[in-house]
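The following exercises are to be worked through with the sequence and the three-dimensional structure at hand. Each task is followed by a stepwise solution.

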Amino acid sequence: MVSLKDFGVVNQQFGYNTGNEFLYCISSWMKQLRKEGQVFRFGNVTFALLCPYINDEESDQLFVEIRERFRQVWRIGAIQTNIAGSFGQMKCIDFDAEITNIMEILPFMMQLAKEKEDGIIEYDETIEQMFRERKGMLALLREAIEKRMFEVWYQPVYDCHKQRIVSAEALVRLRNYDGKIVRPDLFIPLAEESGMIADVGRFVWNEVCRFIGEHQDIAPEYISVNFSMQQFRSPKLYQQMEESLHKYHVPYEKMKIEITERDILQDMKYMEQQMKLLTEKGLRFFMDDFGTGYSNFYSVMSLPFEVIKLDKSLLNGLENSSRDRLIIQTLVEMFHNIGMKVIAEGIETEEQKNMVQNMGADYIQGFFYAKPMPEEQLVEFLTHSAKR
Ligand code: G
Ligand code: G
Ligand code: MN
């Protein structure tokens with residue numbers, strides 16, 4: 001099986017008609033490799049050659065042959081070009097090889113191949129295991145949405161100027177049938193891919209609105225909610241957000257949206273528009289995980305962020321490196337100069353806390369103050385910290 005890489009470039013260079021001819025050329029070439037073989041095209045630029053299994057050697061040789069071919073140019077008349085690909089091989093010998101099952105596994109396998117440096121993958125038990133887990137998690141997600149198995153937890157945030165806890169970040173959790181908590185890293189990416197993130201996000205937003213509405217006396221100044229880029233694609237997003245705010249009498253100012261730079265860079269123009277629209281209503285944005293991606297300073301500075309959240313990976317080695325401390329301090333100053341505030345994330349010790357405070361951080365979030373906790377615990381936490 002082969003997934004073509006950067007085929008859009010071929011289309012751009014030669015036009016769609018020629019692009020189509022190249023695709024035809026590739027599938028014809030694959031078809032003639034084995035008399036009894038069948039070629040399938042799916043996902044636009046992925047081709048699978050399906051043929052009867054003879055033995056390992058024969059099958060491996062075929063796989064090599066296909067990879068070798070993609071080291072050479074493809075020709076249409078006088079036009080020639082290199083076309084790169086990711087490659088996958090799957091031998092269905094000793095397991096239940098249902099064709100529908102295989103058609104489900106193949107795209108998943110090619111996704112893994114694309115993530116690998118050499119772009120080559122062979123089906124094995126590890127992949128089978130990963131595939132099963134993924135399928136299980138997708139099924140669980142679907143049920144979780146129906147049966148409302150999600151919970152919103154909160155991690156308090158400390159204000160260095162006011163010297164007390166002033167806010168919290170909402171972090172979604174999934175409670176499995178066995179009562180155990182499933183961490184979001186395991187299901188958020190799947191929810192994004194499958195489109196279920198819109199439902200998850202809607203639930204979280206509504207829960208946070210309810211929490212603020214029901215606890216006006218001790219509610220923090222605001223609560224920040226993590227958003228994925230995909231949520232902004234949902235046509236009903238604004239309407240649903242407004243419904244919840246209205247229902248619980250919560251103004252936009254009590255809510256903040258956290259979004260990562262990685263997400264914004266997926267479609268910067270679109271996100272800029274969305275941010276502008278919501279900012280006009282009084283909602284403010286925090287940039288999450290700053291320092292983890294290929295940070296594009298220009299993008300940060302041109303967008304209306306109120307707060308930048310420095311990722312814990314930036315702050316980890318500070319105790320040991322005066323150079324790193326200087327870098328962070330300068331970064332904080334720069335953000336202050338353009339009117340943005342800074343949260344230091346992942347602070348676990350008093351030493352770290354003092355350090356980032358001295359470097360000018362406006363807010364601190366981390367296990368040093370508190371871990372993410374369920375709503376009832378947050379209520380208790382806030383009641384106590386208000387008395388202090
Ligand atoms: O505690 P922690 O494991 O909660 O969070 C892991 C990651 O999951 C965080 O980086 C956060 O961005 C993401 N996350 C947590 N809650 C939500 C949510 O409600 N929506 C989205 N899109 N992401 C979330
Ligand atoms: O949305 P974001 O990627 O910022 O999510 C915050 C994540 O960081 C959550 O998974 C949360 O549990 C985690 N976290 C918060 N404080 C600390 C901390 O002090 N140490 C560590 N290791 N993780 C933390
Ligand atoms: Mn966050």
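Helices (H or I, at least four residues) and strands (E, at least two) are DSSP runs, numbered from the N terminus. The model is a predicted one, in which local features need pLDDT of at least 70 and side-chain atom pairs count only at pLDDT 80 or more, whereas totals for chains, interfaces and linings use all residues. Residues are numbered from 1 along each chain as its sequence is written, chains are lettered from A and ligands numbered from 1 in the order in which they are written, and side-chain values use heavy atoms, without hydrogens and water.

**Exercise 1.** Locate Gly-201 and classify its accessibility.

Step 1. Gly-201 belongs to helix α7 (residues 197-214).
Step 2. Buried means under 20% relative accessible area, exposed over 50%, and partly exposed in between (1.4 Å probe, protein chains only).
Step 3. Gly-201 is buried because its relative accessibility is 10%.

**Exercise 2.** Identify the residues that coordinate the manganese ion (ligand 3).

Step 1. Donors are N, O and S atoms within 2.8 Å of the metal (3.2 Å for Na, K and Ca); water is not among the atoms, so sites may look incomplete.
Step 2. Glu-169 (OE), Asn-226 (OD1), Glu-258 (OE) and Asp-288 (OD) coordinate the ion at 2.1 to 2.4 Å.
Step 3. The spacing of these donor residues in sequence is E-x56-N-x31-E-x29-D.
Step 4. Glu-169 and Asp-288 are both buried.

**Exercise 3.** Describe the polar contacts of ligand 1 with Val-172 and Ser-228.

Step 1. A polar contact is a pair of N or O atoms within 3.5 Å; within protein, one must be able to donate a hydrogen and the other to accept it, and residues adjacent in sequence count only if both atoms are side-chain atoms.
Step 2. A polar backbone atom of Val-172 lies 3.0 Å from a nitrogen atom of ligand 1.
Step 3. For Ser-228, a side-chain N or O atom is 2.8 Å from a nitrogen atom of the ligand.

**Exercise 4.** Which distances separate oxygen atoms of ligand 2 from Glu-169, Asp-289 and Phe-367?

Step 1. For a polar side-chain atom of Glu-169, the distance is 3.1 Å.
Step 2. For a polar side-chain atom of Asp-289, the distance is 3.0 Å.
Step 3. A backbone N or O atom of Phe-367 is 2.7 Å away from an oxygen atom of ligand 2.
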